[in-house]
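Here are my notes on this model, as numbered points. Please read them with the structure open beside you.

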Amino acid sequence: MSFFEKLKSYKLIFLIVILAALGQMTQTMYVPSINLMSIYFDTLPSNLAIVMAVYMIPYGFSQFIYGPLSDIYGRKNIILISLIIFLVGTALAVCTSDFDLFLLGTFIQGIGIGSSGAMVRTVPRDKYSGFELRKANSIASMGLVICPLLGPLLGSFLSTIFPWQSSYIFLLCMCVVVYILMQTSFDETLPVELRKKENIIRKYKDVLLNKEFSTFLLCILATCSGLAIYEAEAGILLGSTLHFKPAEVSILFIIPLPGFLIGSWLAGKCHTKKVLIS
């Protein structure tokens with residue numbers, strides 16, 4: 001691979017990582033602002049725990065839709081449409097003073113940016129295979145780990161200086177930047193001749209009945225569920241119950257970061273002839 005081809009491949013990884021980063025940071029960026037948000041919406045801090053669920057449920061389930069749609073209409077088209085949906089949801093979350101409408105905006109955010117979870121694994125498969133695919137996935141995994149943990153750090157900085165809405169304004173601006181980058185710099189990875197229409201229900205049935213896949217899926221679900229519960233409850237426990245400052249909450253969030261980074265880096269360095277299920 002020539003030098004310019006390597007640069008082009010790194011550009012692709014960078015684009016899908018920042019796309020995934022937008023979704024991951026939305027998940028946790030508001031955590032240090034929970035106390036401020038509870039005052040603004042005149043509700044108990046414990047009620048803010050629902051924000052995580054309202055975001056994560058559509059974020060997760062929409063990926064089952066974005067994946068097959070991208071097989072039919074292409075990756076780029078689906079990404080751009082999903083970013084517009086996320087933009088609408090974020091704008092609603094920023095502008096409203098009603099908690100129910102804020103939750104609606106959060107729900108729309110999850111529906112929109114769910115494409116990032118699907119594309120961060122799908123796009124590399126379009127361009128890489130074997131060791132190069134594992135390497136690309138390990139880099140993407142580092143981005144997926146860093147962003148939800150660094151999100152509260154940035155959120156605490158913004159909420160210390162500005163109102164709590166500043167975190168969502170940041171996400172709004174970031175979405176615009178990501179949209180422009182995807183529109184101008186992302187090259188479609190699934191050519192028209194390779195796109196196919198398949199029976200989605202039958203396709204998922206075949207996959208879910210695979211025992212090996214189901215075993216890995218249960219492990220991932222258990223891990224991600226534990227992480228989501230921690231992210232949802234830690235901000236309330238540390239901020240409202242233990243009265244930690246936003247900066248202190250964010251620091252506690254990033255303590256596990258080195259371990260995750262080392263694990264992802266080692267996975268990318270693994271030279272093995274055995275085929276791995278990514």
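1. Start with one contact. Q63, Y66, G67 and S70 of α4 touch α6 through I111, G112, G114, S115, G117, A118 and M119. Sorted by class, the contact of α4 with α6 has 4 nonpolar and 7 polar residues, and no charged ones. Keep in mind that this is a predicted model.

2. Now look at the geometry of that pair. Two packed helices are described by the angle between their axes and the distance between the axes. The axes of α4 and α6 come within 8 Å. They cross at roughly 65°. The crossing of α4 past α6 is right-handed.

3. Stay with helix α4, which covers residues 63–73. Which of its residues are buried? They are Y66, G67, P68, S70 and D71. Y66, G67 and S70 are also among the α4 residues that meet α6. After α4 comes G74, which has a positive phi, near 100°.

4. Helix α4 packs against α5 too. Their axes are 7 Å apart, and the angle is about 130°. The pair is therefore oblique. On the α4 side, the contact uses Y66, G67, L69, S70, D71 and Y73. On the α5 side, it uses R75, N77, I78, S82 and I85. By class, this contact of α4 with α5 has 5 nonpolar, 4 polar and 2 charged residues.

5. Next, follow α5 to α8. How do their axes cross? The angle is roughly 160°, and the axes come within 9 Å. Angles over 145 degrees count as roughly antiparallel, so α5 is roughly antiparallel to α8. The crossing of α5 past α8 is left-handed.

6. From α5 come K76, I79, L80, L83, I84, F86, L87, T90, A91, A93 and V94. From α8 come Q165, Y168, I169, L171, L172, C175, V176, V178, Y179, M182 and Q183. By class, the contact of α5 with α8 has 18 nonpolar, 3 polar and 1 charged residues.

7. Then turn to the largest nonpolar core. The core holds 54 residues. Which members touch the most others? They are L83, F102, Y168 and M182. The biggest share comes from α1, with 11 residues.

8. Take L83 as an example from that core. Set aside its neighbours within four places in sequence. L83 is then in contact with L19, L22, I113, C175, V178, Y179 and M182. M182 is also one of the core members with the most contacts to other members.

9. I18 sits in helix α1. Is I18 buried or exposed? Its relative accessible area is 13%, so I18 is buried. Beyond its neighbours within four places in sequence, I18 contacts M174, V178 and L181. I18 and L181 are 163 residues apart in sequence. In space, their C-alpha atoms are 9.8 Å apart.

10. Look at the loop between α2 and α3 as well. D42 lies there. Most residues other than glycine have a negative phi. D42 is not a glycine, yet its phi is positive, about 55°. D42 counts as exposed because its relative accessibility is 72%.

11. T43 is in the loop between α2 and α3 too. Is T43 buried or exposed? T43 counts as buried, because its relative accessibility is 18% and the cut-off for buried is under 20%. Apart from neighbours within four places in sequence, T43 contacts S38 and L48.

12. Finally, step back to the whole protein. How many helices and strands does the protein have? There are 12 helices and 0 strands. Along the sequence, the pattern reads α-α-α-α-α-α-α-α-α-α-α-α. Of the 278 residues, 44% are buried.

Note on methods: Residues are numbered from 1 along each chain as its sequence is written. This is a predicted model: local features need pLDDT of at least 70, side-chain atom pairs count only at pLDDT 80 or more; totals for chains, interfaces and linings use all residues. Side-chain values use heavy atoms; hydrogens and water are left out. A nonpolar core is a set of buried Ala, Val, Leu, Ile, Met, Phe, Trp, Tyr and Cys residues joined through side-chain atoms within 4.5 Å. Buried means under 20% relative accessible area, exposed over 50%, partly exposed in between (1.4 Å probe, protein chains only). Helices (H or I, at least four residues) and strands (E, at least two) are DSSP runs, numbered from the N terminus. Contact means heavy atoms within 4.5 Å. Axes are lines fitted to C-alpha atoms, for helices over the stretch in contact, and angles run from 0 to 180 degrees between N-to-C directions. Angles under 35 degrees count as roughly parallel, over 145 as roughly antiparallel, 65 to 115 as roughly perpendicular and the rest as oblique. A crossing is left-handed if the near helix is turned anticlockwise from the far one by less than a right angle, and right-handed if clockwise. Ala, Val, Leu, Ile, Met, Phe, Trp, Tyr, Cys and Pro count as nonpolar, Asp, Glu, Lys and Arg as charged, and the others, Gly among them, as polar.
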